[in-house]
Amino acid sequence: MPPLIVRPVESRKDMRSFLKMPQVIYANDPHWVPPLTAEVRTRLSPNKNPYFQHATAAYWIAQRGNQTVGRISAQVCDLTQQHQAPGTGHFGFFECENRQETADELFRTAADWLRQRDMTQMVGPFNLSINEEAGLLIDGFHRPPYIFMSHNPAYYQSLFESNGLSKEIDVYAYHLDITQPYPERITRVLKSAGRNTSIQLRNVDKQNLESELGLLLELFNESWSENWGHVPMTVAEVNELATLIRRLFSTDAVVLAEVDGECAGFIVVIPNLNELTADLNGRLFPVNWLKMLYRIKRAKCTSVRVPLMGISRKFQNTRTGAAIAFSMIDRCRNASVAKGAVHCEMSWILETNTAMRSILDASGSQLDKTYRLYSKSINSEPEAASQS
């Protein structure tokens, strides 16, 4: 067997190998949805992704002879140093053959890079940040991932834990058939919420989308500030979200809740575009972009995802806060069903977020997938690399 070599991504050819690596791992996985290669390439580019205004990253591929057998990234985010524990570095974009020595060498390489930048802990996987795909799927391999959610083989858990990575926290995806009636308890809550005339719901104003999303940014950063791993979104990242909404989604994807005229909650609901891209094999060119545009305009997604939801801290754990949450969920549910949606995924939810989990349990949602974030101390010098 040829020796294992892990080397940095330095050329266009290297980047092509990095981007194509998942095709090797998931060739026989019926639930894998190939990401759009052009979109991933843009996210990895320091010149195109606003994440790199406050972060730096490096990428590696593992090869045996002419065959690429693994990949990994490592990231240092300045905002993480400010808002989380200083010395916390991240890793992500992990893909690997089912060989422990290959995984060990990838993890060692990422840890070395982070240690050289004064990081003392390695946490992940993040692709690239906590506000993008986060966590390793450890339970719930029975259906394809929803849009902007990760997917991986079951054996990755063993590769992680055999390397010494340990659980940091779990995050959950809940699943719901939104065509079914609410439980009686929720019906009563919604009737009560409807009598609360101080709560007003509205879609964002598409004529002032940036300023509207600025309200979302302020509320998101405030309402999530005490959550595990939270890193504030920047203005540039919200502007990127505005561009994405204009290009791929309608403005009714974002609903704001106001209490006596003050912004008090928000929810984002997006079509599960993975339904529309699963057969494109990750390629937009030369003609798949036409299919994509047509499908976005004409095709109906039968599923939607709630990637973001927040309630102002002053209303959290109050009856008004619960009324805001259920009112927003109900509005989006009715709008999604009217467009042909049947299922909704709420993801991801921290295992420690008991208030939101109680709301989802009460609504009839089922815990469907579990993703795990791992961590490892990298204070000490690495052991000798595994022999391959």
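This report describes the fold, the nonpolar cores and some individual residues of one predicted protein model.

## Basis of the model

Because the model is predicted, local features are described at pLDDT of at least 70 and side-chain atom pairs count only at pLDDT 80 or more, whereas totals for chains, interfaces and linings use all residues. Residues are numbered from 1 along each chain as its sequence is written, and side-chain values use heavy atoms, with hydrogens and water left out.

## Overall form

The protein has 12 helices and 15 strands, where helices (H or I, at least four residues) and strands (E, at least two) are DSSP runs numbered from the N terminus. Its radius of gyration, taken over C-alpha atoms, is 21 Å, which agrees with the value near 21 Å for a compact globule of 388 residues; the globule rule is 2.2 Å times the number of residues to the power 0.38. Along the principal axes, the C-alpha atoms fill a box of roughly 70 × 45 × 35 Å.

Of the 388 residues, 55% count as buried, a term that means under 20% relative accessible area, while exposed means over 50% and partly exposed lies in between (1.4 Å probe, protein chains only). The accessible surface comes to about 18200 Å², with 49% of this belonging to carbon and sulfur atoms; such areas come from the Shrake-Rupley method with a 1.4 Å probe, and for residues only the protein chains shown count as cover. Among contacts (heavy atoms within 4.5 Å) with a separation of 6 or more, 79% are between residues 24 or more positions apart.

## Nonpolar cores

A nonpolar core is a set of buried Ala, Val, Leu, Ile, Met, Phe, Trp, Tyr and Cys residues joined through side-chain atoms within 4.5 Å. The largest one has 60 residues, of which Phe18, Leu44, Tyr59, Leu213, Phe266 and Trp348 touch the most other members. Helix H7 (residues 209-223) gives the most to this core, with 6 residues. A second, separate core of 34 residues includes Ala264, Val269, Met328 and Cys344.

Phe326 belongs to helix H11 (residues 319-338) and counts as buried because its relative accessibility is 8%. Beyond its neighbours within four places in sequence, Phe326 is in contact with Ile186, Val189, Leu190 and Ile359. Phe326 and Ala193 are 133 residues apart in sequence, yet their C-alpha atoms are 7.9 Å apart in space.

Asp368, found in strand E15 (residues 366-377), has 11% relative accessibility and therefore also counts as buried. When neighbours within four places are left aside, the residues in contact with Asp368 include Asp139, His142, Arg143 and His175.

## Backbone details

A cis peptide bond, with omega about 5 degrees, joins Gly124 and Pro125, and Pro125 lies in the loop between strand E5 (121-124) and strand E6 (126-127). The peptide bond from Ser347 to Trp348 is cis as well, with omega near -5 degrees, and Trp348 is found in strand E14 (residues 343-350).

Phe148 has a positive phi, near 65 degrees, although it is a residue other than glycine; Phe148 lies in the loop between strand E8 (136-139) and helix H5 (156-162) and is partly exposed at 32% relative accessibility. Asn281 has a positive phi near 55 degrees, and its place is in the loop between helix H9 (274-277) and helix H10 (288-298).
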